[in-house]
Amino acid sequence: MKKTISALLAAFAMVAFTACDDYETYGEKKEKEQDAISAFISSEGIRVISEDQFHAQGDSTSVEKNEYVYLDNSGVYMQIERKGCGSELEEDRQVNVLCRYIEFNILDNAIQTRNDYDARSYDKMTVVRDGATYTARFVSGTMYSTYGSSVPSGWLVPFPYIKIGRQNAEGSEIAKVSLIVPHSQGQTYASTNVYPCHYVITYQRER
């Protein structure tokens with residue numbers, strides 16, 4: 001009987017040890033996230049530039065050189081492919097913005113969600129600007145149905161540098177950016193599970 005109890009205790013201890021060994025701390029998850037971002041930057045041939053250089057270039061990034069600016073305050077990497085037509089968002093006014101996007105889970109190396117199938121498909125969010133602060137919420141679309149109304153903070157990072165309009169004139173183009181968004185600036189799943197995403201997003205003012 002004693003031998004049986006000892007054997008059971010030993011087995012339980014081994015299971016408990018294995019479970020503890022498999023547990024990842026938040027710090028370890030963050031390190032894994034940063035390693036994934038670094039590997040993605042390397043594999044995609046991305047050239048990271050500083051905010052100083054970004055501002056010196058007129059708040060722009062070279063698509064030809066595959067430049068992304070690293071933004072210290074948010075930890076987001078941003079490439080502006082098109083600054084867009086129209087104007088900056090007005091202050092103290094709610095504006096409806098339509099977004100088409102592709103969301104790529106960098107850690108899992110897989111497309112996670114997208115809504116860029118056709119012109120009738122988009123996510124709609126309401127945005128309010130208060131000085132340099134932007135707040136927003138989704139009201140419809142794939143992001144809304146998947147993650148809820150909360151807009152990832154990383155999606156708001158480009159607003160000071162782009163114009164939100166519509167393609168009402170020949171040759172005009174809506175704003176388009178690419179973002180590497182860490183979990184701290186991401187959607188609810190990314191924030192909870194600590195993984196980064198790469199986004200390609202267009203921003204368009206609703207009629």
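This is a predicted model: local features need pLDDT of at least 70, side-chain atom pairs count only at pLDDT 80 or more; totals for chains, interfaces and linings use all residues.
1. Two strands are taken to pair if DSSP finds at least two bridges between them.

2. Strand E9 covers residues 197-205, and E4, residues 94-105, pairs with E9 in the antiparallel sense over nine bridges.

3. How much of E9 is covered? Eight of the nine residues in this strand are buried, so the strand is mostly covered, buried meaning under 20% relative accessible area.

4. Now to helix H2, which spans residues 26-43 and contains glutamate 31. Is glutamate 31 buried or exposed? It counts as exposed because its relative accessibility is 51%, and the cut-off for exposed is over 50%. Glutamate 31 and valine 194 are 163 residues apart along the chain, and their C-alpha atoms are separated by 9.8 Å.

5. Last, the largest pocket, with a volume of about 290 Å³. Its lining consists of 13 residues, and those nearest the pocket centre are Asn73, Ser74, Leu156, Val157 and Pro160. By residue class, the lining divides into seven nonpolar, four polar and two charged residues.

Definitions and conventions
Residues are numbered from 1 along each chain as its sequence is written. Side-chain values use heavy atoms; hydrogens and water are left out. On a 1 Å grid over the protein atoms alone, a cavity is a set of points where a 1.4 Å probe fits but cannot get out, and a pocket is an open set with protein on both sides within 12 Å along at least five of seven lines; lining residues have an atom within 4 Å of a point. Grid points are joined across faces, edges and corners, and a volume is the space filled by probe spheres set on the points. Ala, Val, Leu, Ile, Met, Phe, Trp, Tyr, Cys and Pro count as nonpolar, Asp, Glu, Lys and Arg as charged, and the others, Gly among them, as polar. Helices (H or I, at least four residues) and strands (E, at least two) are DSSP runs, numbered from the N terminus. Buried means under 20% relative accessible area, exposed over 50%, partly exposed in between (1.4 Å probe, protein chains only).
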